[in-house]
Amino acid sequence: MAKSGNASESPLLLGGLELGGTKCSCLIGTGPDDVRMHATVPTGSDPAATFAQIEAELRRGIEAHGPIRALGIASFGPIDRRRTSPRYGSITSTPKQGWRDTGVVPRLAHLCVPIGFDTDVNGAALAEGRWGAARGLEDFAYVTVGTGVGVGLCVNGGLVHGFLHPELGHIRVVRRAGDTWPGACGFHGDCVEGLASGPAIAARAGVPTHSISAADAVWDGVVHALAQLLHTLVLATAPRRILLGGGVMEARPELLPRLRRELASSLNGYVPHEDLGVGIESYIASPGLGARAGALGALALAADAIGDSRALAPPEI
């Protein structure tokens, strides 16, 4: 993945930071075929300590490979990306211990380069559309199932934003008959994330997810919840492809065919489209960039920030 080089070889080097619930990735490069540095640090419960490590890694990368033209930050959320907000560039009501109301963009503004800031799943969607399994598609979704459950949405060629970014991992779902487990989400209990994220699965099974047999009944509930999320996506934005990544999906590839079958059964022929029938294997698919999608999404955000003069200015308050 890595490629050696220096600043003279590429005057358009980009910096990327993927803030994940478990680890943070720091990159210097221009794209998937030109990553000159990729270092990771754990996402601890102390943001100041975590950012000290992040800044050290970025500084080492810049010293080794030359200055960066822009920085992309793809962060776990929820985040505030409204430039008119006094909390612009911050993580807001996250369940991640110690990170609520943490300013992210302000901590890195001293680099004095344009900064692109979005969610980790929107970043991953951007990377998949540019370099991965969604190339050439104007409408698609990227779903991550890992420490949390998140959705990045691209509609009509652009990422979806309103007053907030998509937070579809927290939608309510119909429970399986007889299932009264309360769920693990600190905000909503049995939302999709509360039923199907890695921590939720482990909490319900009482053992780490990697120790759970593929035949364990716990996966039935996971498939049931995730299929309803996919059902909602199909009917809400009609994406031309849905990609499923994240640590749970990477570790459990057997979930993919189960989700295809469950989605088809849930839709019950209501949406007459060949991709939801004979073509469902390519419609519900793994990310083309694999586990790199999120980190490369940060580079994609950096690339887009270069053309956005607003990224150079402080937010209007």
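Q: Does Asn156 count as buried or exposed, and what is its relative accessibility?
A: In this predicted model, local features need pLDDT of at least 70, side-chain atom pairs count only at pLDDT 80 or more, and totals for chains, interfaces and linings use all residues. Residues are numbered from 1 along each chain as its sequence is written, and side-chain values use heavy atoms, with hydrogens and water left out. Buried means under 20% relative accessible area, exposed over 50% and partly exposed in between, with a 1.4 Å probe and protein chains only. Asn156 therefore counts as exposed, its relative accessibility being 64%.

Q: Where is Asn156, and what is its phi?
A: Asn156 belongs to the loop between S10 and S11; helices (H or I, at least four residues) and strands (E, at least two) are DSSP runs numbered from the N terminus. Although Asn156 is not a glycine, its phi is positive, at about 55°.

Q: What is the omega of the peptide bond that joins Gly77 and Pro78?
A: Pro78 is placed in the loop between strand S4 (70-75) and strand S5 (79-80). The bond from Gly77 to Pro78 is cis, with an omega of about 0°.

Q: How far apart are the end C-alpha atoms of helix H8 (residues 255-267)?
A: The expected span of a helix is 1.5 Å times one less than its number of residues. For the 13 residues of H8 this gives 18 Å, and the value found agrees, the end C-alpha atoms being separated by 18 Å.

Q: Why are the buried residues of H8 on the same side, and what arc do they cover?
A: The buried residues are Leu255, Leu256, Leu259, Arg260, Leu263 and Leu267. They lie on the same side of H8 because the arc, taken from the directions from the helix axis to the C-beta atoms, is only 140°.

Q: Which exposed residues are on the face of H8 turned away from its buried side?
A: The buried residues of H8 pack against helix H6 (218-237), strand S12 (242-245), helix H7 (247-251), helix H9 (280-283) and strand S13 (284-285). The face turned away from that buried side carries Arg261 and Ser265.

Q: What is the relative accessible area of Val271?
A: Val271 is in the loop between H8 and H9. Leaving out residues up to four places away in sequence, Val271 touches Val234, Leu235 and Leu276, where contact means heavy atoms within 4.5 Å. Val271 is partly exposed, with a relative accessible area of 25%.

Q: At roughly what angle do the axes of helix H3 (residues 120-131) and helix H10 (residues 293-306) cross?
A: Axes are lines fitted to C-alpha atoms, for helices over the stretch in contact, and angles run from 0 to 180 degrees between N-to-C directions. Angles under 35 degrees count as roughly parallel, over 145 as roughly antiparallel, 65 to 115 as roughly perpendicular and the rest as oblique. H3 and H10 are therefore roughly perpendicular to each other. Their axes come within 7 Å and cross at roughly 80°.
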